[in-house]
Amino acid sequence: MTKNRLKGIAMLTLCAMIWGSAFVAQSTAMQYVESFTFQSARSFLGALVLLPWILVRRKKGTATKSDKKTFLKVGLACGVTLCIACCLQQFGIYYNDLAASIAGTATDGAVVGKAGFVTALYILLVPLFGLFLRKKVGGNVWVGVALALLGLYLLCMTGKTRPDFGDILVFGSAIFFAVQILIVDRFIDEVDGVELSCFQFAVVGVLSGLGMLAFEQPSVSAICGAWVEILYAGMLSSGLAYTLQILGQKYTPPTLASMLMSLESVFAVLAAALLLGQIPTWIQVGGCVLMFAAIVLAQLPEKRKEN
């Protein structure tokens with residue numbers, strides 16, 4: 001395994017760790033602000049965090065030069081798909097929180113864990129969509145995807161036989177997360193990763209802001225009430241983690257990258273246990289083991305057929 005591959009794996013694993021713990025922030029923030037308001041605030045903060053880094057890289061001459069038209073098109077495509085994905089996920093968490101509260105099961109870990117499970121279904125969608133782009137997928141990866149899906153189910157199963165409305169929204173977010181991953185994979189060598197990350201967050205901030213003004217009634221006091229969640233989601237989950245995603249994908253094949261990032265579901269359960277007191281069962285622990293086994297399997301070299 002090359003140093004660049006190891007670097008990509010480390011970046012994407014840290015990315016998953018930050019994203020997983022952010023599910024807690026996304027859930028608790030809904031006590032103070034609505035979905036569009038939260039997404040707009042965290043996205044603008046994520047973009048602002050990256051600006052000093054961009055200026056330093058340009059001054060040192062380490063930024064990747066790219067065609068302005070290409071950068072604009074890729075940035076808009078990433079921003080729009082990411083905005084749809086994030087908003088669907090946030091609304092899904094909100095509606096599942098509401099349903100759990102009405103059912104009296106708000107503390108059973110269903111909301112955070114289930115959101116992590118459904119979102120991580122993009123690990124299957126990425127190779128499926130990749131087939132339309134004529135990307136070959138090895139047998140080890142497909143077995144790994146199957147193991148990962150089984151692990152995710154064991155990790156986050158809630159005992160329900162049908163999805164809630166929030167689950168459908170979160171599944172929709174998984175579709176758009178998969179599309180965003182493939183867009184990044186296609187154009188990452190043509191644009192600067194840090195600047196792309198900053199631009200896509202600015203797009204998400206603007207679009208979410210329009211939704212906020214059209215459908216919500218934001219207030220400074222409400223935003224201040226959720227300042228911890230917004231700070232974490234903006235600086236780390238948005239600014240740092242999505243940049244790690246873009247840079248990590250540069251050294252990692254898209255299917256393996258999606259599987260590594262799907263570990264956010266594992267970290268979501270761990271964060272819920274530490275911060276919300278939602279202790280995982282032995283079945284969920286077994287799901288974590290299968291997830292790690294799937295990632296190891298996906299990295300094994302394929303056997304070449306002898307002529």
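Me: Taking helices (H or I, at least four residues) and strands (E, at least two) as DSSP runs, numbered from the N terminus, what pattern does the protein follow along the sequence?
Reply: Read in sequence order, the pattern is α-α-α-α-α-α-α-α-α-α-α-α-α, with 13 helices and zero strands in the protein. This is a predicted model, in which local features need pLDDT of at least 70 and side-chain atom pairs count only at pLDDT 80 or more, while totals for chains, interfaces and linings use all residues. Residues are numbered from 1 along each chain as its sequence is written, and side-chain values use heavy atoms, with hydrogens and water left out.

Me: How much of the protein is buried?
Reply: Of its 307 residues, 52% count as buried, where buried means under 20% relative accessible area, exposed over 50%, and partly exposed in between, with a 1.4 Å probe and protein chains only. The accessible surface comes to about 15,000 Å², and 67% of that belongs to carbon and sulfur atoms; these areas come from the Shrake-Rupley method with a 1.4 Å probe, and for residues only the protein chains shown count as cover.

Me: And what share of the contacts joins residues 24 or more positions apart?
Reply: Such pairs account for 91% of the contacts with a separation of 6 or more, contact meaning heavy atoms within 4.5 Å.

Me: Switching to helix pairs, at what angle do α2 and α10 cross?
Reply: The axes of α2 (residues 35-60) and α10 (residues 227-249) cross at roughly 60° and come within 8 Å, where axes are lines fitted to C-alpha atoms, for helices over the stretch in contact, and angles run from 0 to 180 degrees between N-to-C directions. The two helices are therefore oblique to each other, since angles under 35 degrees count as roughly parallel, over 145 as roughly antiparallel, 65 to 115 as roughly perpendicular and the rest as oblique.

Me: OK, α11 next: how many of its residues are buried?
Reply: Eight of the eight residues of α11 are buried, so this helix is mostly covered. One of them is Leu260, which counts as buried because its relative accessibility is 2%.

Me: What is Leu260 in contact with?
Reply: Leaving aside neighbours within four places in sequence, Leu260 is in contact with Ile9, Leu12, Thr13, Ala16, Thr252 and Ile295.

Me: At what angle do the axes of α1 and α11 cross?
Reply: The axes of α1 (residues 3-29) and α11 come within 8 Å and cross at roughly 35°. The contact is made by Arg5, Ile9, Leu12, Thr13, Cys15, Ala16 and Trp19 of α1 with Leu256, Ala257, Leu260 and Met261 of α11, a set that divides into nine nonpolar, one polar and one charged.

Me: Last one: where is Lys135 found?
Reply: Lys135 is in the loop between α5 (122-132) and α6 (139-156), and it counts as partly exposed because its relative accessibility is 32%. Beyond four places in sequence, Lys135 is in contact with Gly130, Asp185 and Pro254.

Terms used: Nonpolar A, V, L, I, M, F, W, Y, C, P; charged D, E, K, R; others polar.
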